Amino acid sequence: MSDEEDYRERAEEVYQALLARVGEGAPERRLDATRRAVELLGDPQRAYPIIHVTGTNGKTSTSRIAESLLRAYGLRTGLLTSPHLVRFNERIVIDGEPIEDEALVRNWDDISPYLDIVDAELTEAGKQPLTFFEALTALAYAAFADAPVDVAVIEVGMGGEWDSTNVGDGQVAVFTPIALDHTKALGDTVEEIARTKSGIIKPSADVVSSAQTPEADHVLREAAELTESTFAEQPADFGVAATRVAVGGQLVTVRGRAATYEDVFLPLYGDHQAQNAAVAVAAVETFLGRGTQPLKTDLVEEGFATATSPGRLQLIGIEPSILVDAAHNPAGAETLAEALRTYFDFDEITFVIGILGDKDARGVIRALAPVATQFFVTRPDSDRARDPEDFGELVREEVGDEATIVYSDAIDALESARDWAGEEARRAVVVAGSIVLVGQAMAYAEEQEWKQAAS
């Protein structure tokens, strides 16, 4: 076995060791456990400045665009996002690339004895050992210090105040749109959820926020005032001035905090991605110059051009067109439907859809139904997935029997949808409803070489 193969195998063992812990769907509402872990590691999260990103929709794309802009400036970057789509390494990105297997294994070996100490202390106190995400957070912060990075863009896992990433102090706290999601963990109202998310605002930080509902806006402004932080919000302080559809994406004019950047090509589809780009620009302006110094236009162009957002309106197959989108709540589904209307001209669309049990499934279907020809209902590869027969009944109630086909196996659903799309021109398949399902589709499409044009 080569060294590369050995590290690949050991990297998979790291992931399995993490999976043996309590999963991400059941986070512990605590910071003390992660704080104890990073304390034993020498507080690696203090070795570099942090841009901390939370919100309900758009936080991964915003994080990735901000990281790309920072890298265009020649900074060595760290990026933590969740969940991964195909491989666990995708979550911990160093200088634009998923962490190498060797670095992942080495850092895990370094921190494991300390995680064991914390586990033992927690167990002795009658508490749950470190969870998957708590251990992942410690691993990511340690890996970024080891790299080392100049700045880390950290996406919150869930919420904010008690999310394990919050052991790091964000110099800039970034908020993408806040809506209802994870209501069992975060609260039943936008105001409650915003209050939890506002917990990432640290004393004398700089806050950058997308446009929010009045309820969320009030909470964020109050938190900024209490922490004596600055507050910049869309549309008053920055925003999207214009967008135009372009081949492979769009031309965006962003009005930043310090300057306007005109007709910059963004290789991502959807008005929401233009909004995410505006928030990312404002965040980077804030980080580099407190929002007073314009970014260099050529570096904005480079940062946008190299930005990627896997699993977000991404084309994974051609002839016929197969797209994936990580929309898994009503707000995300509405955004997806609008983007499909604006950026594509398909005559018919079949959605291959599966959803996790804690999501607003009916809200997702109602948002997608106006652009859907039919739904192929299936099950993501997750123990939290909603049963496809049960989900299928809900879909039938919304769109009728003829437009609802249930598949117990996700691959069967994908193949059948692709066959259907191949029967007529201007048909497409869109995979949505679950990030897990999107990851399955991406891996299968690569294996089957769906991006290779049919002969």
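Phe344 is buried, with a relative accessible area of 16% (buried means under 20%, with a 1.4 Å probe and protein chains only). This is a predicted model, in which local features need pLDDT of at least 70 and side-chain atom pairs count only at pLDDT 80 or more, while totals for chains, interfaces and linings use all residues. Residues are numbered from 1 along each chain as its sequence is written, and side-chain values use heavy atoms, leaving out hydrogens and water.

**Phe344**
- Phe344 sits in the loop between α11 (330-343) and β14 (348-353); helices (H or I, at least four residues) and strands (E, at least two) are DSSP runs, numbered from the N terminus.
- Not counting residues up to four places away in sequence, Phe344 touches Tyr269, Leu313, Leu323 and Ala339 (contact means heavy atoms within 4.5 Å).

**Thr60**
- Thr60, in helix α3 (residues 59-72), is buried, with a relative accessible area of 8%.
- Beyond its neighbours within four places in sequence, Thr60 contacts Thr81, Ser82, Glu155 and Arg312.

**Helices α7 and α8**
- The axes of α7 (residues 190-197) and α8 (residues 214-226) are 8 Å apart, at an angle of about 30°; axes are lines fitted to C-alpha atoms over the stretch in contact, and angles run from 0 to 180 degrees between N-to-C directions.
- That makes α7 roughly parallel to α8 (angles under 35 degrees).
- Val190, Glu191, Ala194 and Arg195 of α7 meet Glu215, Ala216, Val219, Leu220 and Glu222 of α8.

Conventions. Buried means under 20% relative accessible area, exposed over 50%, partly exposed in between (1.4 Å probe, protein chains only). Angles under 35 degrees count as roughly parallel, over 145 as roughly antiparallel, 65 to 115 as roughly perpendicular and the rest as oblique.
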